[in-house]
Amino acid sequence: MFRLWAKEFNDNRLIRDITISDMAEDKSRTKKVFDAVDEVCYEFDLSRPVWLEKNINEFKSRSKTRFYKDNFIESVAFDFIEIQIIEED
């Protein structure tokens with residue numbers, strides 16, 4: 001099972017969070033991550049974030065990254081969203 005935890009923060013406070021699960025065995029890790037991020041954006045009513053080089057490197061090394069306001073094309077009402085893989089098969 002694959003699970004990704006997304007948390008939205010504003011003023012150093014957790015505003016909301018969601019855990020996305022994916023039980024598909026035929027998908028690659030990358031596909032699972034992108035599908036989970038799409039679902040998080042749908043649930044939080046956001047556009048998809050832009051993956052900058054910093055996000056890619058951070059996610060590869062720690063399975064965790066933060067998307068700040070500059071990762072989004074539209075204006076957002078939070079400081080950042082953090083995504084983290086909490087379970088992976």
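This is a predicted model: local features need pLDDT of at least 70, side-chain atom pairs count only at pLDDT 80 or more; totals for chains, interfaces and linings use all residues.
**Strands β1 and β2**

Start by selecting residues 2-10, strand β1, together with residues 13-22, strand β2. The two strands pair in the antiparallel sense, and nine bridges connect them. Arg 3 stands opposite Ser 21 in β2, and Glu 8 stands opposite Arg 16 in β2.

Now select the turn of this hairpin, where two residues lie between the strands. Asp 11 is in the loop between β1 and β2. Its phi is positive, near 50°, and the residue is not a glycine. Most residues other than glycine have a negative phi. Asp 11 is exposed, because its relative accessible area is 58%.

**Glu 8**

Stay on strand β1 and select Glu 8. Is Glu 8 buried or exposed? Glu 8 has 6% relative accessibility, so it counts as buried. What does the side chain of Glu 8 make a polar contact with? The partner is the side chain of Arg 16, at 2.8 Å. Arg 16 is also the residue that stands opposite Glu 8 in β2.

Show the surroundings of Glu 8 next. Not counting residues up to four places away in sequence, Glu 8 touches Arg 13, Leu 14, Ile 15 and Arg 16, and also Phe 44, Phe 78, Phe 80 and Ile 81.

**Strand β4 and the link to β1**

β1 and β4 run antiparallel and are joined by seven bridges.

Glu 82 lies in strand β4 and Lys 7 in strand β1, so the pair ties together parts that are 75 residues apart in sequence. Both Glu 82 and Lys 7 are buried.

**Helix α1**

Move to residues 29-44, helix α1, and select Lys 32. Lys 32 counts as buried because its relative accessibility is 6%. Which residues is Lys 32 in contact with, leaving aside its neighbours within four places in sequence? They are Phe 2, Asp 22, Ala 24, Lys 27 and Asp 89.

Next, select Asp 35 and Lys 31, which both lie in helix α1, four residues apart, about one turn of the helix. They form a salt bridge, the closest N and O atoms being 3.2 Å apart. Asp 35 is partly exposed, with a relative accessible area of 21%. Lys 31 also counts as partly exposed, at 42% relative accessibility.

From Asp 35, draw a distance to Arg 62. The two residues are 27 apart along the chain, and their C-alpha atoms are separated by 19 Å.

Select residues 53-62, helix α2. Lys 54 and Glu 58 both lie in this helix, four residues apart, about one turn of the helix. Their salt bridge has its closest N and O atoms 3.9 Å apart. Lys 54 is partly exposed, with a relative accessible area of 47%, whereas Glu 58 counts as buried, at 18% relative accessibility. Elsewhere, salt bridges that share partners join Lys 7, Lys 64, Arg 66 and Glu 82 into one network. Side chains of opposite charge can pair when their charged atoms come close.

Then select Ser 63, in the loop between α2 and β3. Ser 63 is buried, because its relative accessible area is 18%, under the 20% cut-off.

**A nonpolar patch**

For the last stop, select Val 50, Leu 52 and Ile 73. They form a nonpolar patch on the surface, with about 290 Å² of accessible area together. Ile 73 counts as exposed because its relative accessibility is 79%.

Key: Residues are numbered from 1 along each chain as its sequence is written. Side-chain values use heavy atoms; hydrogens and water are left out. Patches are made of residues with over 30% relative accessible area and no salt bridge: like charges are joined within 9 Å, nonpolar side chains (Val, Leu, Ile, Met, Phe, Trp, Tyr) within 5 Å. Accessible areas come from the Shrake-Rupley method with a 1.4 Å probe; for residues, only the protein chains shown count as cover. A salt bridge is a side-chain nitrogen of Lys or Arg within 4 Å of a carboxyl oxygen of Asp or Glu. Buried means under 20% relative accessible area, exposed over 50%, partly exposed in between (1.4 Å probe, protein chains only). A polar contact is a pair of N or O atoms within 3.5 Å; within protein, one must be able to donate a hydrogen and the other to accept it, and residues adjacent in sequence count only if both atoms are side-chain atoms. Contact means heavy atoms within 4.5 Å. Two strands pair if DSSP finds at least two bridges between them.
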